[in-house]
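Please read it alongside the sequence and the model.

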Amino acid sequence: MTPRGPGRRPAALPSWLAHPLRWQRGPVPWPAVLRGALAAGPLLALGIGLGSLEFGVLAGLGALFAGFSDLPGTRRAGVVQIGLPALVTAFGVLVGAVTQSALIGWWALPVVFALGAASGALSVVGPVCSRAGMHGLAAAVVGMGLQLPGGPGYKAVCFLAGAVWLLLLRLFLRPPRPAGGALDGERASLARIFDALADALDAVGGPGAEAARRRLSAALDHGDEAVRLRRLSRRLLRRSASPGEILLAERFGVATELTDAATALLWEARPLPPGTGDGPRRLAAAVRTGTPPGPLTVPETSAPGTATPARAVFNAMMLHASTVFARTVPATGCPEDAAPLPARGPAPLMRRRVLGPVGREYALKVAVCVTASAAVALALRADHWYWLPLTAAFLVKPDIGPLFSRVVNRFFGTVLGVLVFTALAAPLGDGIWWTAVCACAAGALLPFATRHYALQTTVVTIMVLAFVWAGGDTQAALPRLLDTAIACAIVVIVGHLPRITGSTARVGHLLAVAQRRTRDYLGYVLAAAAGERPEQRRVLRRAAYSALGEARGAAETLAAELPSRHGGNGDWSRVVAATERIVDATTACVVRMEQGHPRPSAREGAQVDAALTAVADTLDGRAPAAGPPKLPATPECETIADIVSELHFIRGIVAGLPVTARGGRTARRPVTIAAPGDPKPKADNRRDQDG
């Protein structure tokens, strides 16, 4: 070992090796812990007490699957998060049970392949659809392989009953409502936006500014989702918005206006006076408690250079916030649907996402992994073959993290779960009532166990073994361990096969989508006349940030994968960060134009638009339609100059990234976004924060 010299840092573990050791942090979700204890275990006990073990096992498994979707959020969000996957899961059980009765053994493999492809393609639509697709596939495999009495319809109803039971617990078993009353979930989301806004203001000009802005963007996404679900439920019930809902919508509008100003302040990167974030924190406290925030003062300073356009807009928005929060009834003529709410923007069409490169790649990966696992399982033991493809279905899911990390944590989590269950079964194995108690305890641990995938696997293994033991298979522990090891090997092999799966293609496509959303936002800002719609502008901005958030998650996952044969997985995160700064600069451009600064010329806007399109086409594996677009040599606008600098920076990064072209070949193709005579990019010290 090389001795550490003075000032020398210890060598850090590679990302692919350090990721399996990472733990998530956060408060313990006690309501979810209570729901987990009252969900699967009591249903299994009910089945044992009624002498209907098949009902207890199937309903308990349905509650277990629903427990994966019992995530933090409002009650209306819970209905969507739990309800949609539950319906798809019940349908999967129905298809699996019908296949079990109609097809025997190897004849079921084409059905497994088709279900795997459909599940993988559906999973790229969004987080809820991702869980629904994987749960539907896993439930179909369980329906095919689990030997329990009852017809296909009966099994599907039992599965659905378990999920509905957990959903009822989510709706009616909750802590006392705070001062927000019926709008408590939406108010909590709004308060988190103001908290994130205050943190972002405190970070302006510091090293954590970009991370604070990302947290603010995520808080806006959650708040937007909460309000959208309330609007949807109100429209389904055909009732008009209440005064409280309209007032809440006005306050969401204040949050988006302050966020615009804060984004411009982050772009200016000039430290703010101490106490600037106190105002938003008082607004967050007012939202939570239902009390007025009082007069909102803005700290002033006499230092030169502090009177910037963004500071002026922020001060004006704080005065407007004082007016809005002082009202106890909504303003006249401001219906909730017309209020300027934060929005994620129009999502890509489902058909284009499902049938696009990401959908095809993921569909093929899931189908091949699950079908290969099912074939091996049928060759080993045709009577209990479902565990191996079931394990592969969850391992291949990229939402959980990098492939190597998933495999390592899945294997060691299964080993620990088998050891714990075997230790419990040794003194208690004479009866079956203890399995219900075991399921209750494991269900209570499941919400906490989501902090680490190995711990989650341990808890799930204990619960599933309890269900299988209650169903009559008392020798399932060791075969499950062997099946898990085989499934891990299959997923690792298939996950690194050339021409079948390529994580760089997925990241490149998501980055291309983010580049196009950024182009749409920038194009609207530069082309809009004086009568532009602020709501539409914010919709496009939210769409850009949402696409960038998805691309960043995929880039971080790829960075922690095993290094490719080229020696690395590319520096995609820096491309995401530079594109985020382009969106920030666009918002700053809006703020400056509102303060009377001239609008950038149409020529500069067209050149930047063409450059973003060229970058997106190259990241998507397409050749640019025309020749290399030329960027402005000497931009007239400061924000355009910053955008041009970021585009030059993206060109340099993308030129060294492995880009998967059409046809499956990997090539290093540079992005040409400037003619040879264009100047070199200017120095930007903020980029050092991304390395």
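Q: What do buried, exposed and partly exposed mean here?
A: Buried means under 20% relative accessible area, exposed means over 50%, and partly exposed lies in between, with a 1.4 Å probe and protein chains only. This is a predicted model, in which local features need pLDDT of at least 70 and side-chain atom pairs count only at pLDDT 80 or more, while totals for chains, interfaces and linings use all residues. Residues are numbered from 1 along each chain as its sequence is written, and side-chain values use heavy atoms, with hydrogens and water left out.

Q: What makes helix 15 mostly covered?
A: Of the 9 residues in helix 15 (residues 387-395), 9 are buried. They are Trp387, Leu388, Pro389, Leu390, Thr391, Ala392, Ala393, Phe394 and Leu395. Helices and strands are DSSP runs numbered from the N terminus (H or I, at least four residues, for helices; E, at least two, for strands).

Q: What covers the buried residues of helix 15?
A: The cover includes helix 3, helix 6 (127-145), helix 14 (357-380), helix 16 (403-428), helix 18 and helix 19 (477-495). Contact means heavy atoms within 4.5 Å.

Q: Why is valine 468 called buried?
A: Its relative accessibility is 9%, and the limit for buried is under 20%; valine 468 therefore counts as buried. Valine 468 is placed in helix 18. Apart from neighbours within four places in sequence, valine 468 is in contact with Tyr386, Asp473, Ala476 and Arg480.

Q: How do you know that the span of helix 2 agrees with its number of residues?
A: The expected span of a helix is 1.5 Å times one less than its number of residues. For the 21 residues of helix 2 (residues 30-50) this should give 30 Å, and the end C-alpha atoms are 30 Å apart, so the two agree.

Q: Where does helix 2 bend, and by how much?
A: Helix 2 bends by about 30° at proline 42. The bend at a residue is the angle between axes fitted to the seven residues ending there and the seven starting there. Just after helix 2, glycine 51 has a positive phi of about 75°.

Q: Which helices do the buried residues of helix 2 pack against?
A: They pack against helix 3 (53-67), helix 7 (152-172), helix 17 (433-449) and helix 18 (453-470). Among the buried residues of helix 2 are Arg35, Leu43, Leu44 and Ile48.

Q: Why is the pair of arginine 538 and aspartate 260 called a salt bridge?
A: A salt bridge is a side-chain nitrogen of Lys or Arg within 4 Å of a carboxyl oxygen of Asp or Glu. The N to O distance between arginine 538 and aspartate 260 is 3.2 Å. Arginine 538 lies in helix 21 (residues 534-559) and aspartate 260 in helix 10 (residues 243-268), so the pair ties together parts that are 278 residues apart in sequence. Both arginine 538 and aspartate 260 are buried.

Q: What makes arginine 537 buried and glutamate 594 partly exposed?
A: Arginine 537 has 5% relative accessibility and therefore counts as buried. Glutamate 594, with a relative accessible area of 48%, is partly exposed. The two form a salt bridge, with the closest N and O atoms 3.7 Å apart. Arginine 537 lies in helix 21 and glutamate 594 in helix 22 (residues 572-594), so this pair joins parts that are 57 residues apart in sequence.

Q: How far apart are arginine 552 and glutamate 556 along helix 21?
A: They are 4 residues apart in helix 21, about one turn of the helix. An α-helix has 3.6 residues a turn, so residues three or four places apart point the same way. Arginine 552 counts as buried at 12% relative accessibility, and glutamate 556 as partly exposed at 45%. Both belong to a network of salt bridges that also includes Glu210, Arg213 and Glu646.

Q: How much of the protein chain is buried?
A: Of its 691 residues, 54% are buried. The secondary structure comes to 24 helices and 2 strands.
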